[in-house]
Amino acid sequence: MMDLQTLTAMFVWTVAGAVLLFVLMFVDSLFTKYRDFEEVKNGNMAVTARMILKLIAQGYILSGSIATAYSLGVALLYSVVAFVILLIMEAIVRVLLRQWARFDLDEGTQQGKLGYGLFAGTLHLVGAFIITACF
C-alpha cells in the first residue's frame, strides 16, 4: 500500500528527473551546429527524431539510476555522468564518420534527412543501454 511518504518521494523524484532531462536536452542543443528547438518548431522531422531518441535514452538512464541509486542526488549524478559520456562518444563517432565515410550527422540532420537524425539519436539509445547495464 502506498503511503504519503512514498507518494511524496515519487513526486519529488519525478520533478527532479524532469528538470534534469530538460537541462540535459538544452545543454545537448548547445553542441549541435543548428538550433534544435527552432528546427523542431519549423517541422524538421530529422531533428525531432534525434531529440526524441536522445530524450528516451536519457529517460532510460535516469530510470536505471533511480532504480539502483540509494539517493536522489546519486541518481541525478549517474544521469549527468552518463550524459557526458554519451556526448563524448557522439563527438568521437561524428568525427570518425565525417573523416572515413564522408557522413556528416549534423549537416544531414539539419537538412531534414530523417535517416541522419535516426542514426544520431540511435547512437545515444544504444549508449544508454550499455551504460545502464553498468548500474
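The buried residues of helix α6 are Tyr116, Gly117, Ala120, Gly121, His124, Leu125, Gly127, Ala128, Ile131 and Thr132, where buried denotes under 20% relative accessible area, exposed over 50%, and partly exposed the range in between (1.4 Å probe, protein chains only). An α-helix has 3.6 residues a turn, so residues three or four places apart point the same way. The buried residues of α6 pack against α3 (45-68), α4 (72-101) and α5 (105-110). Helix α6 covers residues 114-133, and its 20 residues should span 28 Å at 1.5 Å a residue; the end C-alpha atoms are 29 Å apart, which agrees. The expected span is 1.5 Å times one less than the number of residues.

The model is a predicted one, in which local features need pLDDT of at least 70, side-chain atom pairs count only at pLDDT 80 or more, and totals for chains, interfaces and linings use all residues. Residues are numbered from 1 along each chain as its sequence is written, and side-chain values use heavy atoms, with hydrogens and water left out.

The chain as a whole has six helices and zero strands. Both kinds of element are DSSP runs numbered from the N terminus, helices being H or I with at least four residues and strands being E with at least two. The C-alpha trace spans about 55 × 30 × 20 Å along its principal axes. Of the 135 residues, 39% count as buried. Contact means heavy atoms within 4.5 Å, and among the contacts with a separation of 6 or more, 67% are accounted for by residues 24 or more positions apart.

The loop between α4 and α5 holds Phe103. This residue is partly exposed, with a relative accessible area of 22%. Leaving aside neighbours within four places in sequence, Phe103 is in contact with Leu97, Arg98, Tyr116 and Phe119; of these, Tyr116 is one of the buried residues of α6.

Lys33 lies in the loop between α1 (4-29) and α2, and Asp104 in the loop between α4 and α5, so the pair ties together parts that are 71 residues apart in sequence. Lys33 is exposed, with a relative accessible area of 57%, whereas Asp104 is buried at 14%. Asp104 also meets Arg98 in a salt bridge (4.0 Å, N to O), and Arg98 counts as partly exposed at 30% relative accessibility.

Another salt bridge is formed by the side chains of Asp106 and Arg94 (3.0 Å, N to O). Asp106 is in helix α5 and Arg94 in helix α4, twelve residues apart, and the pair links distant parts of the chain. Both residues, Asp106 and Arg94, are buried. They belong to a network of salt bridges that links Asp28, Asp36, Arg50, Lys54, Glu90, Arg94 and Asp106.

Asp36 is buried, with a relative accessible area of 2%. Not counting residues up to four places away in sequence, Asp36 touches Asp28, Ser29, Val47, Arg50 and Met51.
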